[in-house]
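Subject: Structure handover

Hello,

The structure is pasted below, followed by notes on what was found in it. Please read them alongside the coordinates.

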Amino acid sequence: MRHIISITDLSLDEIARLIDTARDIIEHPLKYRDLCRYKKLATLFFEPSTRTRLSFEAAMYELGGQVLAVSEAASSSVAKGESVADTIRTVSCYADIIAMRHPKEGAPTVASFHASVPVINAGDGGHNHPTQTLTDLLTIMQEKGRLDHLTVGLCGDLKFGRTVHSLISAMCRYPGVRFVLVSPEELKVPSYVKIPLKQGQVPYSQTTDLRSVMPELDILYMTRVQRERFFNEDDYIRLRDSYILTPEKLENAKPDLTIMHPLPRVNEISVAVDQDPRAAYFRQVRYGKYIRMALILMLLEVQA
Ligand code: CP
């Protein structure tokens, strides 16, 4: 039995196999439609979600399985004070696999200690979001045809943005990848996230100025300023519009730039950019379902 708490729980070979499976599902969906018959996925979401929860649920339904859903803490016994450990022991009695989102960093790790079925971290606080990263890697493969030799710009809230932390952990393992970290001073990438960059001698630069680095980028990964992680609303208001991507700001970008965003978007990409063929963020949403189908199959050890 395996749990996926961090993207580094998967080897590069396993990630490549997941991407291959997801691409095969896109090509041949009917081949996969009954593979999880009689299996149940529990989605335990103690923090809001649209894409992650619904794509997990759509993934399980498309595999012929069923879903048990908790979409907010208030509707479960967590509201009465039940611990993560007891919740997970209970849900393990009903489901074959669990996807869990929690506002506290480390909660899915605790869950994995007490589960008797695989646990997938669907986002824990400002820490990690490995299945968003799998989505991002599939998107990059679909858009660029490779995961190596790319200059990746990450822009916005790099402090609290868990999708950024997981994407750095994943992409620093591919040769020739270089990171350009664009954020206000207060929202820089935490030191612990930069440890694998330093250990692996992965090149990276940090700046507050998106426009000056735009021509270098193969990928621009925009992120929302994470209001829910701020202690002080005034700080959020001061920082929330630090970067708003507009068609004008893309004038000096590469013609084959790929613009990504894990979504939800608030104000950091103008809707005028949506018409740009380089805007991949809604294609990215679509890929999330296929890679989660591939992950469910892998963890349940189901062969196509
Ligand atoms: N990208 C992402 O995690 O979106 P949701 O919060 O809507 O699940």
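Pro 264 sits in the loop that runs between β9 (258-260) and α10 (281-299). Helices and strands here are DSSP runs, helices being H or I with at least four residues and strands E with at least two, numbered from the N terminus. The peptide bond between Leu 263 and Pro 264 is cis, with omega at about 5 degrees.

This is a predicted model, in which local features need pLDDT of at least 70 and side-chain atom pairs count only at pLDDT 80 or more, while totals for chains, interfaces and linings use all residues. Residues are numbered from 1 along each chain as its sequence is written, and side-chain values use heavy atoms, with hydrogens and water left out.

Backbone exceptions

Most residues other than glycine have a negative phi, and most peptide bonds are trans.

Tyr 38 is not a glycine, yet its phi is positive, at about 70 degrees. Tyr 38 belongs to the loop between α1 and β1. Its relative accessibility is 69%, so Tyr 38 counts as exposed. The classes are buried for under 20% relative accessible area, exposed for over 50% and partly exposed in between (1.4 Å probe, protein chains only).

His 149, also a residue other than glycine, has a positive phi near 50 degrees. The loop between α5 (130-144) and β5 (151-155) holds His 149. With a relative accessible area of 49%, His 149 is partly exposed.

Which residues of helix α7 (residues 191-199) are buried? They are Val 193, Lys 194 and Leu 197. These residues cover an arc of only 90 degrees around the axis, which puts them on the same side of α7. The arc is that of the directions from the helix axis to the C-beta atoms. Ser 191, Lys 198 and Gln 199 are exposed on the other side of α7. The packing partners of the buried residues of α7 are α6 (162-171), β6 (178-182) and β7 (204-207); a contact means heavy atoms within 4.5 Å.

In helix α3 (residues 84-91), the buried residues are Ala 85, Thr 87, Ile 88 and Val 91. Their arc around the axis is only 165 degrees, which puts them on the same side of α3. The buried residues of α3 pack against β1, β3 (97-102) and α4 (107-114).

Ser 11 lies in the segment before α1 and is partly exposed, at 31% relative accessibility. Ser 11 and Gly 200 are 189 residues apart in sequence, with 16 Å from C-alpha to C-alpha.

Thr 21 is part of helix α1. Its relative accessible area of 24% makes Thr 21 partly exposed. Leaving aside residues up to four places away in sequence, Thr 21 touches Tyr 32, Ala 294 and Leu 297. Between the C-alpha atoms of Thr 21 and Ser 55 there are 16 Å, the two being 34 residues apart along the chain.

Arg 33 is in the loop between α1 (12-27) and β1 (40-45). What does Arg 33 touch, not counting residues up to four places away in sequence? Its contacts are Glu 62, Leu 63 and Gly 64. From Arg 33 to Met 60 the C-alpha distance is 9.3 Å, at a separation of 27 residues in sequence.

The chain as a whole

The protein chain has 10 helices and 9 strands. For 304 residues, a compact globule would have a radius of gyration near 19 Å, and the protein chain agrees with this at 19 Å. That radius is taken over C-alpha atoms, and the globule rule is 2.2 Å times the number of residues to the power 0.38. Along the principal axes, the C-alpha atoms fill a box of roughly 55 × 45 × 40 Å.

Of the 304 residues, 55% count as buried. Among contacts between residues at least 6 apart in sequence, 74% join residues at least 24 apart. The chain exposes about 13300 Å², with carbon and sulfur atoms supplying 50% of it. Accessible areas come from the Shrake-Rupley method with a 1.4 Å probe; for residues, only the protein chains shown count as cover.

The chain has 37 positive and 37 negative charges, and their mean positions are 2 Å apart. Lys and Arg count as positive and Asp and Glu as negative, without His and the chain ends; each charge is placed at NZ of Lys, CZ of Arg, CG of Asp or CD of Glu.

Regards
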